[in-house]
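Me: I would like a close look at a single part of this structure. Please take me through it step by step.

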Amino acid sequence: MADRFSPSERAAVMRAVKSKNTTPELAVRAVLRRLRIGYRLHGRDLPSKPDLVFRGRRKLIFAHGCFWHGHDCARGARMPAANRAYWQAKIARNQARDTASLTALSQAGWSALVVWECETRDPGALADRLGTFFGCGSNGSP
Ligand SMILES: [Zn+2]
C-alpha cells in the first residue's frame with residue numbers, strides 16, 4: 001500500500017508521536033494534528049465520555065490504556081500481584097462499560113474507533129489507521 005504521507009510529513013508524524021508518547025491519547029492527538037483533523041476533547045454528553053470527538057463527522061476515538069481496559073495483549077494480561085481480585089473485577093467492569101458504550105454510540109449513529117496504548121507505539125501504523133478512519137470510512141468495521 002502506498003504511503004499516504006510524503007516523506008517529510010511522515011517524518012513529522014514520527015517525530016510528533018515519539019516526542020509525546022506518554023499516554024495513548026496524546027499519541028493519537030499528535031497524529032491528528034499532523035493530519036490536520038480538528039477534534040474536541042471528552043464528549044461529556046456522550047456515553048463513556050470518548051477521549052476525542054469529531055462532531056461534524058460523527059466520529060469518536062477512544063484511546064484505551066491496555067491495563068485499564070483489559071486489552072488482549074501482554075500489557076493487558078499483566079496483573080498486579082497484590083489485590084489481584086480487586087483489579088480483575090475493576091477491569092472487567094471497565095470492559096463491560098466499554099462494550100455497552102460502543103453499542104449505545106453505534107446505535108446513536110456514531111462511528112467509534114478504539115486505539116489501544118500498545119498500538120500507539122508504532123506511529124506509522126497509527127497514522128495509517130487514523131487516516132483510514134477519517135478518509136473513506138471503509139475500514140472494514142461494521
Ligand atoms: Zn494492548
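Which residues are the protein donors of the zinc ion?

Reply: A word first: this is a predicted model. The protein donors of the zinc ion are Cys66, His71, Cys73 and Cys118. The cysteines each use SG, and His71 uses ND1. These atoms lie 2.0 to 2.4 Å from the zinc ion.

Now the geometry. The four donor atoms subtend angles of 99 to 119 degrees around the zinc ion. Four donors count as tetrahedral if all angles lie between 85 and 135 degrees. The arrangement is therefore tetrahedral.

Next, the sequence. The donor residues follow the spacing C-x4-H-x1-C-x44-C. Take His71 and Cys118, which are 47 residues apart. This pair links distant parts of the chain. His71 sits in the loop between S3 and helix H3 (74-77). Cys118 sits in the loop between S4 and H5.

How enclosed are these two? Buried means under 20% relative accessible area. His71 has 16%, so His71 is buried. Cys118 has 25% relative accessibility, so Cys118 counts as partly exposed.

Look at what surrounds His71. Leaving aside neighbours within four places in sequence, His71 is in contact with Cys66, Gly76, Ala77, Trp116 and Cys118.

In soluble globular proteins, nonpolar side chains tend to be buried together.

Ile61 shows how the parts meet. Leaving aside neighbours within four places in sequence, its contacts include Val28, Leu52, Leu113 and Leu130. Phe54, Val115, Phe133 and Phe134 are also among them.

Nine of its twelve residues are buried, so H2 is largely enclosed by the rest of the structure. Among the buried ones are Val28 and Leu32, along with Glu25 and Arg29. H2 reaches 17 Å from its first C-alpha to its last, close to the 16 Å expected. Arg36 follows H2, with a positive phi near 60 degrees.

Conventions. Residues are numbered from 1 along each chain as its sequence is written. This is a predicted model: local features need pLDDT of at least 70, side-chain atom pairs count only at pLDDT 80 or more; totals for chains, interfaces and linings use all residues. Side-chain values use heavy atoms; hydrogens and water are left out. Contact means heavy atoms within 4.5 Å. Donors are N, O and S atoms within 2.8 Å of the metal (3.2 Å for Na, K and Ca); water is not among the atoms, so sites may look incomplete. Four donors count as tetrahedral if all angles lie between 85 and 135 degrees; four count as square planar and six as octahedral if opposite donors are over 155 degrees apart and all others between 65 and 115; anything else is irregular. Helices (H or I, at least four residues) and strands (E, at least two) are DSSP runs, numbered from the N terminus. Buried means under 20% relative accessible area, exposed over 50%, partly exposed in between (1.4 Å probe, protein chains only). The expected span of a helix is 1.5 Å times one less than its number of residues.
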